[in-house]
Amino acid sequence: MSVLRISDLTIDYRLGEGSVRAVDHVSLEIEAGEAVGIVGESGCGKTTLGLSVPLLLPTNASISDGQIVLNGESLIGRSEEEMNHLRWKSVAFVFQGAMNALNPVHRIDKQILEAIQTHEPETSKDDAQARVLELIELVGISPSRAKSYPHEFSGGMRQRAMIAMSLACRPSLLIADEPTTALDVISQAQILALLGELRRQENLSLVMISHDLSAIKKVCDRIVVMYAGVIVESGPTDTVLRRKNGVVTAAHPYTKALMGAHPDLSGERILAPGLVGNPPDLSKPITGCRFAARCPEAMEVCRTQTPPTVTITPGHSAACHLAVRSAS
Amino acid sequence: MSEKNVIPKNETVLSVSDLVVRFEGGGRQSKKKIVRAVDGVSFEIVRGEILALVGESGCGKSTIAMAVMRLLKPTSGQIISGGVNLATIHGRALQRARQRIQMIFQDPFGSLDPRQTVMEAVSEPLLIHKVGDSAGERKEMVFEALRMAQLNPPERLSENFPHELSGGQRQRVAIASAMILSPELVVADEPVSMLDVSARAGILRLMMDLRDRLGVSYLFITHDLATAWVVADRIAVVYLGRIVETGPSEVLVKNPAHPYTQALLNASQDGDATISAAAMVLKGEAPSAAAVPTGCRFHPRCPKYVELGKPESCRSEDPRLRVIKKGEITRRDHSAACHFTDEVK
């Protein structure tokens, strides 16, 4: 059974007189125990999509269309009180820069304890305390450091503490927004290894939002590439991000451009051309493919017709006229 | 013409030797901790060369940059540029010297004044260093710098405020204002790590292009070994305030000698191995510069140390940088500070 099913989700932000369509008819399904990475540039809608699941969108955002179904229950239209019940227990969220969200004047263990007591008042204090220690160990912090204050921890340790806290009420789905962005390479690798382990040990489903393809490659089974509010490509991580001797299996030129943006230590020592220009203005209607203006392979049809999503191999699909052409 | 000309003019633009930067921690006199942020670092950069300093956060790489910029005063050591020792000069002499060394910061959102137009921001260095005879001449120089940073059309862009620009464009503005005084050396501290992936390549390409055209040198600070590899001529890997390995980029990445460099490479590799990469990840945190381990400062985290049965020398003797493979010239030697380099391959 799928843990999360998003269908045709559309989210608009009101801005002054107009509005911006940040997420435009996006559908996505996540199975139990699966890890899915959502990747894209800033402003592509990946964070908005993530925030929509626990219904934590900013007040000027509105869901104009679509469905969000979590563990078989539809979420849209639920009251704040009902959602409060579901957050933490069904779906937990690790925010971008979350390690700076720890309260500086309380010890780490106390903060995690508080999360358990707030969301599960029925749990006895002894049980809750035992769970705190369990969680702290689970994320690889030595129990002797449980009574530390956040400032005594490095960035990587704080991020571990935040992950421990997010797991306080044993959620079935964890959404992590850029969990490693502010960390250096070694801490990044450690946090990614941790997320991978947690997934297997706790049978956790994971949605990881990131602009870092190599981070997604290390943890996720499946990748979803977003551009200007729509999904342009999705498929098994191994297939979409494969890069052997300079040959890629990614179908969408945007995915290829993202892959080329970071030098590959096992490949050639060259700097890829990168992308010119900026994503389109989402407050205006767009004709044709959203990526056409920046696409190195754009054809005439790309500027006039919205590309349909085509299946390339089972589970791997892309919304691109080039893929349509090679499929037919 | 011999092939030696591939290496640009062998004129040294920066020579750092035995640089030490210590900070005194807070607390009562008896308990004061000394933080050895930079602990004896030496390197050289010649005209048109890009040297990358690579390491984890807290390793001291940014402190080295700050010392070179003289944004802080080193505890000891020499920083020679343009015939003067930047470590000891001050006042006018320092200001004159600063004209030749400029900096690009990590955060183009924070490094630009939100109330200044691009014109004001880029012309500011001209005013500070009294370059340009008239407002008209300075304006032309700004346009030229903006064109050089590929901010077109400069006439229109110079009227913009930072919030009207994308992250990549802001970093281009920062580059334009760093380049307007025609510096010999630019210190670039993580210049692309806050930018969107799609904008990064453009900025790096621009920096390399300016090196080719103007012969400017860079001290490029990054935590990303892969980026250092494609951008820099040489890489110096910094760990706890020391250079632990240095060499031409290609050599260092293909044949890393120090176990720390090997771990960094493992962490940066995005190959197909998902779990084995994670398994090689160093255990534990980088130890603090306030409590540098005895002997080799890397030994508490070193996989090689464990593998070799915890040899005594790693705990007691501080390894010095020594040459592993001679380069065509001394500056391009491949060196590492590890007692067991030869065995490490």
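In strand 14 of chain A, His316(A) is the bridge partner of Thr313(A). Strands here, like helices, are DSSP runs numbered from the N terminus, a strand being E of at least two residues and a helix H or I of at least four. The model is a predicted one, in which local features need pLDDT of at least 70 and side-chain atom pairs count only at pLDDT 80 or more, while totals for chains, interfaces and linings use all residues. Residues are numbered from 1 along each chain as its sequence is written, and chains are lettered from A and ligands numbered from 1 in the order in which they are written.

The pair Thr313(A) and His316(A) belongs to a hairpin formed by strand 13 and strand 14 of chain A, with two residues between them. In the turn, Gly315(A) has a positive phi of about 90 degrees. Four bridges join strand 13 (residues 309-313) of chain A to strand 14 of chain A, and the two run antiparallel; strands count as paired if DSSP finds at least two bridges between them. Strand 10 (residues 230-236) of chain A also runs antiparallel to strand 14 of chain A, joined to it by two bridges. There, Glu233(A) stands opposite Ala318(A).

Strand 14 (residues 316-319) of chain A is covered on both faces: His316(A) and Ala318(A) on one side, and Ser317(A) and Ala319(A) on the other, are all buried. A residue is buried if 20 or more other C-beta atoms, placed from the backbone, lie within 10 Å of its own.

In chain B, eight strands form an open sheet of mixed pairing, in the order 6-7-8-3-9-10-12-11. Its edge strands, strand 6 (101-104) and strand 11 (322-325) of chain B, each pair on one side only. From one strand to the next the twist averages 25 degrees. Within this chain, strand 7 (residues 185-189) and strand 8 (residues 217-222) run parallel and are joined by five bridges; Val187(B) stands opposite Leu219(B) of strand 8.

Between the chains, the axes of helix 6 (residues 185-202) of chain A and helix 10 (residues 259-268) of chain B come within 9 Å and cross at roughly 55 degrees. Axes are lines fitted to C-alpha atoms, for helices over the stretch in contact, and angles run from 0 to 180 degrees between N-to-C directions. The contact is made by Val185(A), Ile186(A) and Ala189(A) of helix 6 of chain A and Leu264(B), Ala267(B) and Ser268(B) of helix 10 of chain B, contact requiring C-beta atoms, placed from the backbone, within 7 Å.

Key:
Buried ≥ 20, exposed ≤ 12 C-beta atoms within 10 Å, placed from the backbone. Contact = placed C-beta atoms within 7 Å.
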